[in-house]
Number of protein chains: 2
Amino acid sequence: MNDYLLKNDRDRDCPTDGGDRFQIEVDNAIFSVDLDRHRVLVLLVRQRNSSRFDRWCLPGTFVRLGESLEAAAHRIMSERIRARNLYLEQLYTFDGHSDPLDDRLSHQQLPPPDDGNLTLENPYISVSYFALVRWDEARIMGEGAIGTSWYPLNQVPPLIANYDRILQYGYKRLRNKLEYSPVAFEVLPETFTLSEVYQLYTAVLGEDFSDYSNFRSRLLKLGFLSDTGQKVSRGAGRPASLYRFDARAFEPLKDKPMVFI
Amino acid sequence: MNDYLLKNDRDRDCPTDGGDRFQIEVDNAIFSVDLDRHRVLVLLVRQRNSSRFDRWCLPGTFVRLGESLEAAAHRIMSERIRARNLYLEQLYTFDGHSDPLDDRLSHQQLPPPDDGNLTLENPYISVSYFALVRWDEARIMGEGAIGTSWYPLNQVPPLIANYDRILQYGYKRLRNKLEYSPVAFEVLPETFTLSEVYQLYTAVLGEDFSDYSNFRSRLLKLGFLSDTGQKVSRGAGRPASLYRFDARAFEPLKDKPMVFI
DNA sequence: GCAAAAGTGTTCCGACTACACCCATGC
DNA sequence: GCATGGGTGTAGTCGGAACACTTTTGC
């Protein structure tokens, strides 16, 4: 077939060269939490094609030569939104021989578009990344990001085939991250009230994941939140203390298993 | 540069075609546990090249057209060992512009080999998989697997650059999997003693992770180990009961967070 | 005063730790 | 008997769940 067969038979050692070549797609599951409206949002991109039906997918791009995977993931972010404070990590690598177009065709009975060398058998590899951004900074860039919008997680429109898997996996990661890592503080403002932390957690994990007062004391007992002394009043009720995440105090706990719920 | 720029600017939607192409390597971190000698082993492959120094790497291969990532990972397994009972899952996708050859060159001051189109800038993507196999079945295949051998984790020789990262990550995953999933029972014999389970855990997690009697009662309380009624005597001492993993009893617990230590 | 939100304290209970102790076998 | 490994039981302790209660604000 190709010369990798010869190569493999001759050497039987670490692969060096001779494999088939693939396009590598990076797709981001980008989440944000709107505390005021108490909901989780995901960034979607409209697929515009020759048909009249709009379908949606996660923002993605092809990896370029000389570009790292993470760099490609960052590039996706910066092309869509203007977020400075974000958390980004690799999610999973999906493969699939069902091309995105596969889905389009099967649903709409259209002839294949004349995209040149694109075929239904065109294999693809999607390295997906998980991102969480501050909602204040989650504004979509005007120019060049047409057809990009935030969707509440419970109102996500039908996605092109493989993006559903990525979104499911990403949401699962989001919940796990909240429970086992301090990722929440990367995406909260510099100073925040404990109630805001609680709002973030309930928006993602549901109302009944924990009692507020227990959540509160557990969080404080961990010892990496420092009281700024400042108070802030949000409408009626007693003013809340503003806290700050203390990275130095967290340092020794970094590699310990910890439950944040 | 390439036509993906045009494509991106024109459409700003889901990627369809036009990216650069990459060779995709799949590399497996394959572990096994020798209960008798009480140690964890990893499968390494010797890199044979033009120099006189042997370096080692993890068994890997290039993904072929029409082959899924997981299929490639399985192919690596079947080319090296004859294991029927194994656990396999994706680990992480590494990228790197330091080609394996990069390392060889920098250490040994050799001129680049004439491998044709292979350059130091040759980018590569390595999708790594984590595997755990039964030690009884972990015998290396004779023909075609020359230069393949098991190494105890604490005696691993220097690996070619990027394989170290994969091995580290794989070992971390192994420990996590033992603690939070019943993966141990996929790799133990059909029936086993509780002491064997404990041996497996201590070999991986260290001697002091838990007291045997507490480990024992915690494990039994979970309720998915059924006593076969059979006893087995290993030398001196009271004979041990043989247990069996009860998949039906475990089913309802599958998605619950659980600690197995 | 009253509602609303923040913050504190207290009781109950299950789970994990650290042992001590009993049981069955080989020699 | 006695060493060896398997198996059981228990007292102490820690931490989370549930919930009552207090504090401080707006109106």
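Colleague: I am new to this one. Which backbone lies 3.3 Å from a base oxygen of DNA strand C?

Modeller: That is B:Gly237: one of its polar backbone atoms lies 3.3 Å from a base oxygen of DNA strand C. Keep in mind that this is a predicted model.

Colleague: Which base atom of DNA strand C does the side chain of B:Asn214 approach?

Modeller: A nitrogen: an N or O atom in the B:Asn214 side chain is 2.9 Å from a base nitrogen of DNA strand C.

Colleague: How many residues are around DNA strand C, and which come nearest?

Modeller: There are 20, and the nearest are A:Ser195, A:Arg216, A:Ser241, B:Ser213 and B:Asn214. Of the atoms of DNA strand C within 4 Å of the protein, 65% belong to sugar and phosphate. By class, this surface has six nonpolar, eight polar and six charged residues.

Colleague: Which element gives the most to the surface near DNA strand C?

Modeller: Helix 7 of chain B, with four residues. Helix 7 and strand 10 of chain A also each supply at least two residues there.

Colleague: Now the other strand. Which residues come nearest to DNA strand D?

Modeller: Among 19 residues around DNA strand D, the nearest are A:Ser213, B:Arg216, B:Gly237, B:Arg238 and B:Ser241. Sugar and phosphate make up 60% of the atoms of DNA strand D that come within 4 Å of the protein.

Colleague: Which element gives the most to the surface near DNA strand D?

Modeller: Helix 7 of chain A, with four residues. The residues of this surface divide into five nonpolar, eight polar and six charged.

Colleague: Last topic: how should I read a sheet, and in what order do the three strands of chain A lie?

Modeller: In general, strands of a sheet pair through backbone hydrogen bonds, either parallel or antiparallel. Here the open sheet of chain A has the order 8-10-9, with antiparallel pairing. Strand 8 (191-192) and strand 9 (225-232) are the edges, each pairing on one side only. Strands 8 and 10 of chain A pair over two bridges, and A:Phe192 has A:Tyr243 in strand 10 as its bridge partner.

How values were computed
Residues are numbered from 1 along each chain as its sequence is written. Chains are lettered from A and ligands numbered from 1 in the order in which they are written. This is a predicted model: local features need pLDDT of at least 70, side-chain atom pairs count only at pLDDT 80 or more; totals for chains, interfaces and linings use all residues. Side-chain values use heavy atoms; hydrogens and water are left out. Two strands pair if DSSP finds at least two bridges between them. A residue is near a molecule or strand if one of its heavy atoms lies within 4 Å of it. Ala, Val, Leu, Ile, Met, Phe, Trp, Tyr, Cys and Pro count as nonpolar, Asp, Glu, Lys and Arg as charged, and the others, Gly among them, as polar. A polar contact is a pair of N or O atoms within 3.5 Å; within protein, one must be able to donate a hydrogen and the other to accept it, and residues adjacent in sequence count only if both atoms are side-chain atoms.
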